[in-house]
Amino acid sequence: MKLKKLLAIVLSVALLATCFVMLAGCGNNDATNEKVLRVAVVTSPSGVDDGNFNGDVFKGVTNFSAKCKDYGYDKVNYKNVNITNMDWETALKPGIEAIVTEYDVIVLSGFQFGTAGLKTIAEANPKVCFMLIDSFVNDASFNPIAISNLYAVQYAEQESGFLAGVAAALETTTKKVAVVNGIAFPSNVNYQWGFYSGVNYINSQKKDEAGWTPVQIVELAGRGGENAGTQYYGNYLGTFTDATVGKTVGDALIAQGCDIIFVAAGGAGNGVFTAAKEATANVKVIGCDANEYNNGFKSGSAGANVVLTSALKVLNKSVYDALVDYSFHRFKGNTNAFLNATGDYTGYIKDATSSQLKPTTITAVDAAYAAIKAGTIIPSANFNGVTFASFAVGVPQTPAAHA
């Protein structure tokens, strides 16, 4: 008899656990008995109207909302919660805790949410599913932590940076290009080193062609990025928000002859866009993370646009795909995922409405992207052990100390 009672208890617990798993992804019924999914996109500090990272994350939610009936929902109630102060204890943590019981899914947009404090919030709210975009939660030794109701993703930015470098090297007329970064966080460094790899790759491919002049990567003195004692050189602004600094650096690079600048600096990069728009020379920028073509139009000059192309982390697809998984009861908790070209989560813009690439450049960049997908090209990244100098084949870059 005792054995039967024990078995009954075990079965009851198992049934409850099964019910919990099945409920995750079911959404809620409102007063009209509609099946509603409640999603919050928490951003800081520029909100979803930044025309860049946050906006593309939010697009994933709105795209899903437009097709929600295909996934069993009558509607999606979604909201952007914009937290302008990036301090975890005084703003980010209270901001998340204030809304956590109101939503089924909370999408956290950006590296600033990748703190160990998120583990505490997630574990205290096991019925809420969290998506962390562009970061993992790490322990004190910087090892990623798996959390049962958290799906965290990072991207192979070096792949998109490589494509930007290939495009810049093929499109420049002054033979001087540059990349401007915000802060030397790993993801930003990946863009930088991928870009260097792409430029060096084209120099290597073209070095024996008659008339080919090697493309130079320009770095300004005193603008090197540093993180945890490691020097990354480059053109770092030290901020993702101060467009004034971006304008100063953009002007300086243009004065040194750069006619194509890859901008991976968030809102601070808008200053580089302004520098390109105001330049008397024909200067183009390559956007970052999302399609930035609409940010490139010159005022008072009909149709004139400074955006050559944009290097992508396909953030909207990442969020959309994760919401589809949620709706089908297969939310990927306990997951820290690296998304890359094999899932079409990196790439670049090439359509004529949002880029100004020559057809021959598109052919070359497409070939490079196919090689990345196939694994025959592995761009340099912050931690993958591949040096961007390995693409140079005897073509020196500046400064020589890290070419």
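Visitor: Which residues do ring pairs link into a cluster here?
Guide: Rings of Phe, Tyr and Trp (its six-membered ring) pair if their centres lie within 6.5 Å; planes under 30 degrees apart count as stacked, over 60 as edge-to-face and the rest as tilted. In this structure, such pairs join Phe64, Tyr71, Tyr73, Tyr320 and Phe328 into a cluster. Keep in mind that this is a predicted model: local features need pLDDT of at least 70, side-chain atom pairs count only at pLDDT 80 or more, and totals for chains, interfaces and linings use all residues. Residues are numbered from 1 along each chain as its sequence is written, and side-chain values use heavy atoms, leaving out hydrogens and water.

Visitor: How many aromatic pairs does a search of the whole structure find?
Guide: The search gives 17. Among them, Phe64 and Tyr71 are stacked, with 5.3 Å centre to centre and 15° between the planes. Phe64 is buried (under 20% relative accessible area; exposed is over 50%, partly exposed in between; 1.4 Å probe, protein chains only), at 0%. Tyr71 also counts as buried, at 16%.
Guide: Another stacked pair is Phe185 with Phe240, 6.1 Å centre to centre and 15° between the planes.

Visitor: Which ring has the charged end of Lys175 over it?
Guide: A charge sits over a ring if NZ of Lys or CZ of Arg is within 6 Å of the ring centre and within 35 degrees of the ring normal. For Lys175, the ring is that of Trp212, 3.5 Å from its centre. Lys35 lies over the face of Tyr73, 5.1 Å from the ring centre, and Tyr73 belongs to the cluster we began with.
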